Amino acid sequence: MRSYLNRKKRVQTFMYLVLILAAVWTLFPFYWTFVTSLKESAEIGAKPISYWPRLLTVENYVQAWKTGGFSGYFRNSLKVALISTFFTVMLSAMDGYALARFQFKGKTFFLLLLLCTQFFPTAMLIIPLFKIYNGAHLINNHWSLILTYTVFHIPFNAALMRSFISGISPSLEEAAMVDGCGRFQAVIHVLFPLLLPGIAAVAAYSFISCWNEYLYALMFVSSDSKYTIPVGLSMTIGEYSINYGQLCAGSMIALIPIILLFMYVQKYMVSGLGAGAIKG
Amino acid sequence: MRKKSRYIPYLLMMPTLALLCWLLIYPVGNVFFTSFRQEMLNRPKQNAFIGMDNYIRIFSDPVFWEALWNSFRWVVSEVLLQMVFGLGLALILKERFRGCGIFRAILFLPWALSGVLVSLLWAMMYYENVGVLNDLLQKLGIISKAVAWTGNKNTAFWSLVIAELWRGIPFFSIMLLASLQTVPEELYEACRADGGGALARLRYVSFPYIKETLVLTTLLRTIWEFNSVDLILNLTGGGPVHKTTTLAVYLANTARRDGNFGYGSALAVISFMILLVLAASYLKLSGFGKEDSL
């Protein structure tokens, strides 16, 4: 018994050691960028490198926001991500409802189609999509991004919605409909409140992906005033004389919504998403 | 009532179907069509049907072969390393212990970051003068002179691999942790009672439960890494001298920087074919979906 306990203790110490190492490896890049964002520009390039600012300043944040264009990038990203998320949630909830509550011809085909779309390489579609939007005069317009993001996020989220709705017994809606509710009202008053956690998960997931998307945003939007955050950041990296402090402050700004949302979905992710979504 | 409800599912799915046809199915067809044409964004007057010329050019293009090789080593090293580390972390995080919530939250965080943001965090590590990595390694006595990690021919590729690894491990941890949690605890107990060690428990108890997820996540990741461009474009742009140009990066540069849509489309078709063959043979070899799993 004693040796068993000893062994258990050793295993646990080893586990914690691995976890702490992994945590340091994960957090250090964040730490470094955060520290740099708080330094004065003279200190950033100075040797020896300082691991904590000698003089704390928020000047970089003020500059990034006011003159670095990040207030605009932030607004653009927010607009594109929110509208795309709205459409993704609406449409995938409609698909999910159809797939979970009805038997109909072509259902298998539709499910297969959704699955297939997951396998198309995104880089493959930049050229034809550019041509489509060019023809529709949507280049350098946020709607090209909103449409693209919505289309690319529907398949996965429709499958997710389907498994959420399947998990809710249809008897509640049926009872409401027997009581004289229309189908639409039954859905709004009975199903919707029960589905809220699922909707929140889909919305958070889709918001994060939209907020992060880079290649299409780079391809379809060409003027600085319409850049989203990832494109704005990447243009700053590409400049000849990089203003490191401002760049780091900009990335911290880009991080804030992600961290907030991530804290919400993170717990939920492992229990719900992994098992449910994959099996569709 | 019965009659009316027959149309409901079709009505509900109509908008999605329309969008998918317009912005996914038609473009896929269009790529194939464009790959047989000369199409330059800047010289639309010279656009013309040229048959197989783009494909013939690809096979004698040295950059293409280098990109193919880079894609191969990129995908293999990323997927393998991410899976091994991801599985290791998932096995630890599966246990219930003090602070496991905090550790999960921290270790999963890179999953939610954009490629550009990851590039930036790692650029701040790698920069020759401002970057912190040179300072750390010099203090530890591992290197004596500062290295330009992403600009040097010998280190650029592996610097990218490490940065992408940082972002990619959490995906595997999350997926595998989720599927490890479906393993009934009694089975572990039974295996322990039969004298099975940690390895035996992994091999005979966990593995059958996570096999399906393992196959699917590695496949999804393979596709994902094959197509991933944001990190490479932002850290090295495909350089130095094409040392980090993967097929996807070559395609993105051909389309965006050169505006050469015809040649780019041919590259896209070839990439698509490679992925298709890869995915099909992988699924077949692993016997995925035999028990009606999809």
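B:Arg73 lies in helix α4 of chain B, which spans residues 62–94. The model is a predicted one.

**Surroundings of B:Arg73**

Leaving aside residues up to four places away in sequence, B:Arg73 is in contact with B:Phe157, B:Trp158 and B:Lys243. B:Arg73 is buried, yet no salt bridge is found for this residue. The nearest side chain of opposite charge belongs to B:Glu66, at 6.4 Å. A salt bridge requires a side-chain nitrogen of Lys or Arg within 4 Å of a carboxyl oxygen of Asp or Glu, so B:Glu66, 6.4 Å away, does not pair with B:Arg73 in this way.

**The interface between the chains**

The size of an interface is often given as the accessible area lost when the parts come together. For chain B and chain A the buried area is about 8300 Å², and carbon and sulfur atoms account for 82% of this area. The contact involves 86 residues of chain B and 85 residues of chain A.

Across this interface there is one salt bridge. A:Lys131 and B:Glu39 form a salt bridge, with their closest N and O atoms 3.2 Å apart. On the side of chain B that touches chain A, helix α2 (residues 8–34) of chain B supplies the largest share, 21 residues. The classes of residue on that side of chain B are listed below.

| Class, side of chain B touching chain A | Number |
|---|---|
| Nonpolar | 64 residues |
| Polar | 14 residues |

Conventions:
Residues are numbered from 1 along each chain as its sequence is written. Chains are lettered from A and ligands numbered from 1 in the order in which they are written. This is a predicted model: local features need pLDDT of at least 70, side-chain atom pairs count only at pLDDT 80 or more; totals for chains, interfaces and linings use all residues. Side-chain values use heavy atoms; hydrogens and water are left out. Helices (H or I, at least four residues) and strands (E, at least two) are DSSP runs, numbered from the N terminus. Buried means under 20% relative accessible area, exposed over 50%, partly exposed in between (1.4 Å probe, protein chains only). Lys and Arg count as positive and Asp and Glu as negative; His and the chain ends are not counted. Contact means heavy atoms within 4.5 Å. Buried area is the accessible area (1.4 Å probe) that two parts lose on being put together, summed over both. Ala, Val, Leu, Ile, Met, Phe, Trp, Tyr, Cys and Pro count as nonpolar, Asp, Glu, Lys and Arg as charged, and the others, Gly among them, as polar.
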